[in-house]
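User: Hi! I'd like to go through a structure with you, cavities to begin with and then the chain contact. Could you put it up?

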Amino acid sequence: MKIKAIALNTFKEAIRDRVLYLLLFFAAVCIIFSRLLALLTVGDRVKIIKDVGLSSLSFFGALMAIIIGTQLVYKEIDKKTVFSLLSKPIHRFQFLLGKFLGLVLTLFIMMVLMSVIFLVLVFFHTFTLEWNLLAAIYFIFIEYLLVTAVAVLFSCFSTPILSSIFSLSFYLIGHLSWGLETLINKMSPGLGKTLFRILYHFLPDLQNFNFKTEIVHHIPVPAKLYIFSTVYGLFYTFFILTLAVWIFRRRDFI
Amino acid sequence: METALKTENLHKTFKLGFIPKKKAVLKGISFSVIPGEIFGYLGPNGAGKTTTLKCVTGLIFPDKGNIDIFGRPHLSLEAKEKIGFLPENPYFYDYLTAREFLRFCSQLFPKKTKIKSPRILELLSLVGLKEVADLPLRKFSKGMLQRAGFAQALIHDPEMVILDEPLGGLDPIGRKELRDIIVRLKEEGKTVLLSSHILQDIEMICDRVAIILNGEIINQGSLQDLISQKVLFTEIVLSGVEPQELTAFGEPLSTFGGRTLLKIFEEDKIDNVLRLIHSREAKVHSLVPRTETLEDLFVGIVKNT
């Protein structure tokens, strides 16, 4: 009940944020822009539309999560709204979880809106509703969850600008960490290789949620991989949120 | 004896600056608030009043010490259900209206507390915000926000209300109205703990006070015990006698419109001066004995430390 109240209030706050609409507008422009890009491309135009559309969905959603998520807790502390809230009979973890779920609800609605634009665009080219694209969108949403948790974590102890830089770095590293695996494979055994392997296991691998190529090109994906990616995403989100709660529970609100 | 609030030996140190430097803000704060009283927590800016209240409400964790609210640990939900807190210079979600904000606050309490819509309306009219109930808080003035803050602190009908500088930022009428509400809360059997540096407010409504200075409680007790009831001096405003003739009795402070303000320190000289006035067929406009005020006590303490 208390978490729900905080989540709905956060949702109300987020949807009244103008930045959100600006990002939604750019996402829509990008998805529609994929149509123009397809016209200029030799080959399968529909595949280009799907590829650019899904990438826009992933990038702009993550950007919304970072921009709003990094302000979420910081603003409460900075504007001192947290004082009257936390003196009420609520646990600090309920407050943080409410903020997180409120933003997740906002992102879910934004994702639905972007997906509708995207699926309608694809429909006009193929005249079929390609439900398999929903699997790619589902994993993009799991990625949103993780990025939101990271943004909330940084928001607990840092300013929005620094938190945005940290969260964006997390997002970029997460998408590029597979390069480290290639590097490890090419290295000769030794301390360097071991260190890089430890780093590789520690860094997030957001490519686990990237099924765009497989789905766009109709390459079969084993169900086991879908389950693994879901569990990986949820477990990582849980871990980051636990860390955020651990920090938030200890801090003084001066 | 049951206490509404008991703090024992609270210590808190903050690390401030780029290269963290320790600063002790609370150095062993101990005081008790008795159920049903208005307790004033008094001190100059930066003395540690807000830090103490934040420790009590669980916003800051003391390094050392113990806090009990109605016999329960202050961080327990049962203890928090019994208190309502108005922070200093409150700021709330500016995109909500006053009514939406109070409804949101009401949802943060357990279902058994049962806060219904009529309670929200009742509170809005109590603090004088009924007419602007559907206006977003961003359009509220500082005084109106203070009133909204008051309403949210009272939303669940708490047993104890903790108010941090509740009358700051209010105009004289607003201060009187909120002072009346505080007194009414006491009449309803509630306990009130309020911090302030405005001595007049505390003196008018508080049963007991604690004075904090540099993180330490310097003095505490009932106002009657702390403030001496002895007459310090008497002020007489009179006309019809030349100021030069009055210097033998006391200190003629000012003369305006034919009236002289005379300050007399020795009680037996009052009769002498009254006899002189009668013999000259002059006039006494007022005679006011001045006892010690909280301000005198406070200034004295600050000067001596």
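User: Which residues line the second largest cavity?

Analyst: This is a predicted model, and in it the second largest cavity is lined by A:Ser58, A:Ala136, A:Ile140, A:Glu143, A:His175, A:Phe209, A:Asn210, A:Phe211 and A:Lys212.

User: Thanks! Which element gives the largest share of that lining?

Analyst: That's helix 6 of chain A, residues 133–155, with three residues in the lining of the second largest cavity.

User: How do the residues of that lining divide by class?

Analyst: Four are nonpolar, three are polar and two are charged.

User: And what volume does the second largest cavity have?

Analyst: About 40 Å³.

User: How many cavities of 30 Å³ or more are there by this rule?

Analyst: Two. The largest cavity has a volume of about 50 Å³.

User: OK, what lines the largest cavity?

Analyst: Its lining consists of A:Glu13, A:Ala14, A:Asp17, A:Ile68, A:Gln71, A:Leu72 and A:Lys75. Helix 1 and helix 3 (45–78) of chain A are the elements that give two or more residues to this lining. Helix 3 of chain A provides the largest share, four residues.

User: What about the classes there?

Analyst: The lining of the largest cavity has three nonpolar residues, one polar residue and three charged ones.

User: I see A:Glu13 and A:Lys75 in that list. What do their side chains form?

Analyst: A salt bridge, at 3.3 Å from N to O. A:Glu13 sits in helix 1 of chain A and A:Lys75 in helix 3 of chain A, so this pair ties together parts 62 residues apart in sequence.

User: Which elements of chain A give two or more residues to the side that touches chain B?

Analyst: Helix 1 (2–15), helix 4 (81–86) and helix 11 (223–250) of chain A. By class, the residues on that side of chain A divide into eleven nonpolar, five polar and 13 charged.

User: What about polar contacts between the two chains, how many residue pairs?

Analyst: The count is 13 residue pairs between chain A and chain B, with both residues at pLDDT 80 or more.

User: How many residues does each chain bring to the contact?

Analyst: Chain A brings 29 residues and chain B brings 28.

User: Last one: how much area do chain A and chain B bury between them?

Analyst: About 2800 Å², with 63% of it on carbon and sulfur atoms. On the chain A side, A:Ser87, A:Lys88 and A:Pro89 supply 21% of the area that chain A buries against chain B, more than any other three residues.

User: Great, thanks for the tour!

Terms used. Residues are numbered from 1 along each chain as its sequence is written. Chains are lettered from A and ligands numbered from 1 in the order in which they are written. This is a predicted model: local features need pLDDT of at least 70, side-chain atom pairs count only at pLDDT 80 or more; totals for chains, interfaces and linings use all residues. Side-chain values use heavy atoms; hydrogens and water are left out. Contact means heavy atoms within 4.5 Å. Buried area is the accessible area (1.4 Å probe) that two parts lose on being put together, summed over both. A polar contact is a pair of N or O atoms within 3.5 Å; within protein, one must be able to donate a hydrogen and the other to accept it, and residues adjacent in sequence count only if both atoms are side-chain atoms. Ala, Val, Leu, Ile, Met, Phe, Trp, Tyr, Cys and Pro count as nonpolar, Asp, Glu, Lys and Arg as charged, and the others, Gly among them, as polar. On a 1 Å grid over the protein atoms alone, a cavity is a set of points where a 1.4 Å probe fits but cannot get out, and a pocket is an open set with protein on both sides within 12 Å along at least five of seven lines; lining residues have an atom within 4 Å of a point. Grid points are joined across faces, edges and corners, and a volume is the space filled by probe spheres set on the points. A salt bridge is a side-chain nitrogen of Lys or Arg within 4 Å of a carboxyl oxygen of Asp or Glu.
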